[in-house]
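Work through the exercises below with the sequence and the 3D view at hand. Each task is followed by a solution in steps.

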Amino acid sequence: MKLEKILCACGSGLGSSFLVEMNVNKVLKKLGVEDIEVAHCAATDVYKGAADLFVCGKDMVDILSAYGPCIVLQNIISVPELEAKLSDYLKEQGVI
Amino acid sequence: MEQFLNFLQQILSTPSILVGLIALIGLVAQKKPIEVVIKGTIKTILGFIVIGAGANVLVGALNYFGNLFNFAFAVQGVVPNNEAIVSLALNTYAKDTAIIMALGMVANLLLARFSRMKYIFLTGHHTLYMAALIAVVLTVGGLESGSWQLYVGGSMLLGLTMVFFPAIAQKTMVKITGDDSIAFGHFGTLGYVFAAWIGSLVGKGSKSTEDIKFPKRLSFLRDTSVAISLTMFIFFVLVTFAAVIKPDFDATVLGGTHWFLFSIIQSLTFAAGVYVVLAGVRLVLAEIVPAFKGISEKIVPDAKPALDCPVVFPYAENAVLLGFLVSFAGGLVGLAILFALQGTLNPALILPGVIPHFFCGATSGVFGNATGGRRGAILGAFGHGLLITFLPAMLMPVMGSLGFANTTFSDADFTAVGILIGNIANFVKGTGLLAVCVGLFVLPIVYNVVAPKKAKS
């Protein structure tokens, strides 16, 4: 499956998920990955197939993990943690 | 020529276009490619129009609710909800809000650069809401809508709130996250600091909430639309029923619908309105926040980003749930107290809104837990629940015509800033009020220059 869209989610889809989205973009740029759409929304607006990969904080995993592969952040705004987990996932998927 | 000037003036006084322009300037300043500039500008304008559309949806339901409540109990009943009150405020103060928000971010940068409160407030929706609040209270205080005095005073005030509140939360933030690299930016801070203070008083020897096992099922209430629908449904059913059983009730108010069905439809209509407003806010912020973040990282690299409240949720998940439930209980007790004051002080009745009690209550639980374990989380969140019931009641009188709306600001800092500035405006109006805003803004900068620096350790 081709990785085309990453969706970041939090409680109301306003603040935290937006920051995570900016961080994901930052990490993707650093890794030299292009052509992946990144967006953010409320965790409960997520449906199966909404994206190929979800990113959320530890507190949202119960809601999100049902809808597809999910990167769970212990510290939701930590860029190093996101970078480590995201690049592992991308390697696994053969994207980088 | 005159026609052209007229056209320019129309552009600058159309709020949605104005916000679009702000986004456009931000995007061009970041040297984004042309297609990104076009996309971002259009989306921002679109977002502002969507907010207005959402306001139209929710205001209908809200008016029904207010009228029925008034008829049934002969008091004003208020559901505090930031999105609802902001969308109403934007009907009248959209241009003022947009300009105060844009200049307020500049004021934030200046304070982060030149004062000791080195924070960049990145919770964009709260910046927008605070800008709307400030536009309302300053206008009521005699700074005319559309005047430069309002823009200068308002943006300085907004910039100050954007560094002041993160600064007072930082001590507890260090305790929660274990380091000093991120700050807390959510305008419920007074409630959280209050909860942390209570926690430090009562919490001696109390164990952390994280040692308790909790059922996870209540987390479905984190779905904001479902939570708003459910609570509004309960409120609507109670209020409509109380109105219907009165002998002089005029059934045409319900448009021939059965009162129970009416309650279902109206509560869901309200939730739908909030949903639409949120979608609009998301669109408006999509370009403005990254631009602000990018610029701030260049100008004030040593500043700490102040972030939205769920940032602290993963550090104490049980405190999140506990804080919500206890804060909500505090809201119910607060409502009972407001009810008991009818006949003497006659405050508006503030119903416990599930969204503020969820997000702010949960956060106060985390803060209370950090300073005082379980006992701190419970009593701190309870105190917070009382606080966000009494503060909105005190805010209503200084909101001008919006004080008669059936909704108001919910989170502690909005209401506290509104009450403070609104009451100052009762004594000093117009230019005097502008002077107060400028004074408050300059104070921390002067302090930084004059006061002795702490020795670096």
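**Exercise 1. Helix α6 of chain B**

Find where α6(B) bends, and by about how many degrees.

Solution. The model is a predicted one.
- Step 1: the bend in α6(B) is located at Gln170(B) and amounts to about 50 degrees.
- Step 2: α6(B) covers residues 148-177, which is 30 residues.
- Step 3: of the 30 residues of α6(B), 22 are buried, so the helix is largely enclosed by the rest of the structure.
- Step 4: after α6(B) comes Gly178(B), which has a positive phi, near 85 degrees.

**Exercise 2. The packing of α2(B) and α9(B)**

Describe how the axes of α2(B) and α9(B) cross, and state which residues make the contact.

Solution. 
- Step 1: two packed helices are described by the distance between their axes and the angle between them.
- Step 2: α2(B), residues 15-29, has an axis that comes within 9 Å of the axis of α9(B), and the two cross at roughly 40 degrees.
- Step 3: the crossing of α2(B) with α9(B) is left-handed.
- Step 4: α2(B) contributes Val19(B), Ile22(B), Ala23(B), Gly26(B) and Leu27(B) to the contact, while α9(B) contributes Val284(B), Glu287(B), Ile288(B) and Ala291(B).
- Step 5: sorted by class, this contact between α2(B) and α9(B) has seven nonpolar residues, one polar and one charged.

**Exercise 3. The side of chain B that touches chain A**

How many residues of chain B are in contact with chain A? Which helix gives the most to that side?

Solution. 
- Step 1: the contact joins 25 residues of chain B to 20 residues of chain A.
- Step 2: on the chain B side, α9 (259-299) and α10 (317-340) each supply at least two residues.
- Step 3: α9(B) gives the most, with seven residues.
- Step 4: by class, the side of chain B that touches chain A has 14 nonpolar, four polar and seven charged residues.

**Exercise 4. Leu338(B)**

Is Leu338(B) buried or exposed? List the residues that it touches beyond four places away in sequence.

Solution. 
- Step 1: Leu338(B) lies in α10 of chain B.
- Step 2: Leu338(B) has 22 C-beta neighbours inside 10 Å, and the cut-off for burial is 20 or more, so it counts as buried.
- Step 3: leaving out residues up to four places away, Leu338(B) touches Pro347(B), Leu349(B), Ile350(B), Thr389(B) and Ala393(B).
- Step 4: Leu351(B) is 13 residues from Leu338(B) along the chain, and their C-alpha atoms are separated by 9.9 Å.

Conventions: Residues are numbered from 1 along each chain as its sequence is written. Chains are lettered from A and ligands numbered from 1 in the order in which they are written. This is a predicted model: local features need pLDDT of at least 70, side-chain atom pairs count only at pLDDT 80 or more; totals for chains, interfaces and linings use all residues. Helices (H or I, at least four residues) and strands (E, at least two) are DSSP runs, numbered from the N terminus. The expected span of a helix is 1.5 Å times one less than its number of residues. The bend at a residue is the angle between axes fitted to the seven residues ending there and the seven starting there. A residue is buried if 20 or more other C-beta atoms lie within 10 Å of its own, exposed if 12 or fewer, and partly exposed in between; C-beta atoms are placed from the backbone. Two residues are in contact if their C-beta atoms, placed from the backbone, lie within 7 Å. Ala, Val, Leu, Ile, Met, Phe, Trp, Tyr, Cys and Pro count as nonpolar, Asp, Glu, Lys and Arg as charged, and the others, Gly among them, as polar. Axes are lines fitted to C-alpha atoms, for helices over the stretch in contact, and angles run from 0 to 180 degrees between N-to-C directions. A crossing is left-handed if the near helix is turned anticlockwise from the far one by less than a right angle, and right-handed if clockwise.
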